[in-house]
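Q: I am new to this structure. Please show me how to read its features.

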Amino acid sequence: MLSSVRLIPRAVWLVHSPICSSSRSFMDLKVLLSSLNDFASLSLAESWDNVGLLVEPSPPHTVHTLFLTNDLTEKVMEEALQKKADLILSYHPPIFRPLKHITWKTWKERLVIRALENRVGIYSPHTAYDAAPQGVNSWLAKGLGVCTSRPIHPSKAPKYPTVGTHRVEFSVNCTEDPDKVISAVKEIADVSVTSFSTRTDDEEQTRISLNCSQEALIQVVNFLSQSRQFYQKTEILSLEKPLLLHTGMGRLCTLDESVSLATMIERIKSHLKLSHVRLALGVGRTLGEMSHHDVLDAASQGINVILCEHSNTERGFLSDLRDMLGAHLENKINIILSETDRDPLHVV
């Protein structure tokens, strides 16, 4: 036995590379989609992603059974049809790139055909579930042990009362007609204007505040620059959407207690129910230690990286998702987990 153990530092970078079968009642598809969006808003998804309802049977459509899978393959589709699913929630979107035609030539086209023929909808949350506070990345963090975590790339509030990207404020004194100035500004597209009276150095003034888009800002500045009085007293503020708590891509986890790299590997394998993972040891490192450096310098600074393969970091989450959705939907529908969904890669 070793007389000493070298411990890895406490910080761990964790990045996702992305209930019962008894008879229940039912939900209208549109109502169910609204509830799913309440559970995890699709607005949290990355802009490049293809999320939401991908295949919709002709309305009205009633959902008795929701079928969960990580990847929707033809084998999984056959299972869903055998289990009489009305809506398939596929974590990965089976339709990602645009389909130019719907024929029997490719497996993705066949999925669409079979879904429509059997009146089965297909829904994909993908990166919306990555970012959600109760989503995939938070589930992955649970496998590391007792720790605190925060998103590596926090999400911003998709909707915010403030209109526009910038706020411009300036004052109009008594020598100018404020109504005339406001009318001129309102002629610029994507501008909202408010005004209020104020007093500066015992002089009555009208303070004009406007919100505008990035494109409109240039026109607003051009307008104000025509008057030295306006331009010299102008304030321009950049409006940022507030960050959402515990929401965003990836997780930076700080362990309450340091552990060896070997222990961390075993924890991850146990959480993901994997017999093997891939390990990239940092330069000059061993299984007993891990240096704490910025992840961008991992290769050159000696950061150890544990790779679990893409879908292995997601598939186990579906069991938790089944339970959470069951509670969120008040057990109004059957929620079934695919038994044939598998990672396409095998260790040989």
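**Reading the model**

Q: Leaving aside neighbours within four places in sequence, which residues is Leu 54 in contact with?
A: Contact means heavy atoms within 4.5 Å. By that test, and with neighbours within four places in sequence left out, Leu 54 touches Pro 93, Pro 94, Ile 95, Ile 122 and Ser 124. Leu 54 itself belongs to strand E3, residues 52-55; strands (E, at least two residues) and helices (H or I, at least four) are DSSP runs, numbered from the N terminus. Leu 54 and Ile 95 are 41 residues apart in sequence, yet their C-alpha atoms are 7.1 Å apart in space.

Q: What should I know about the model itself?
A: This is a predicted model, in which local features need pLDDT of at least 70 and side-chain atom pairs count only at pLDDT 80 or more, while totals for chains, interfaces and linings use all residues. Residues are numbered from 1 along each chain as its sequence is written, and side-chain values use heavy atoms, without hydrogens and water.

Q: What is the mean pLDDT of the chain, and where does pLDDT stay under 50?
A: pLDDT is the predictor's confidence in each residue, from 0 to 100. The chain has a mean of 86, with 85% of its residues at 70 or more. Residues 1-12 stay under 50, and the model has 34 contacts for them beyond four places in sequence. Residues 17-22 are also below 50, with 15 contacts beyond near neighbours in sequence.

Q: Which backbone angles deserve attention?
A: Most residues other than glycine have a negative phi, and most peptide bonds are trans. Here, a cis peptide bond, with omega about 0°, joins Pro 59 and Pro 60. Pro 60 is in the loop between E3 and strand E4 (62-63). His 126, a residue other than glycine, has a positive phi near 35°; it sits in the loop between strand E7 (121-124) and H4.

Q: Which residues does the UniProt annotation "binding site" cover?
A: UniProt annotations may be inferred rather than shown by experiment. The unreviewed entry gives this annotation to His 92, Asp 130, His 310 and Glu 314. They are spread over 223 residues of sequence but cluster in space, the largest C-alpha distance being 12.8 Å. Asp 130 lies in helix H4, residues 127-131.

Q: Why does the largest pocket lie between domain 1 and domain 2?
A: Both domain 1 (27-129 + 314-337) and domain 2 (136-152 + 258-310) give residues to its lining, so it lies between them; the bounds come from an automatic or database domain assignment. A pocket is an open set of points on a 1 Å grid over the protein atoms alone, where a 1.4 Å probe fits, with protein on both sides within 12 Å along at least five of seven lines; lining residues have an atom within 4 Å of a point. Of the 27 lining residues, Leu 272, Lys 273, Leu 274, Asn 312 and Asp 343 lie nearest the centre. Helices H9 (261-272) and H11 (317-328) are the elements giving two or more residues to this lining, and H11 provides the largest share, three residues.
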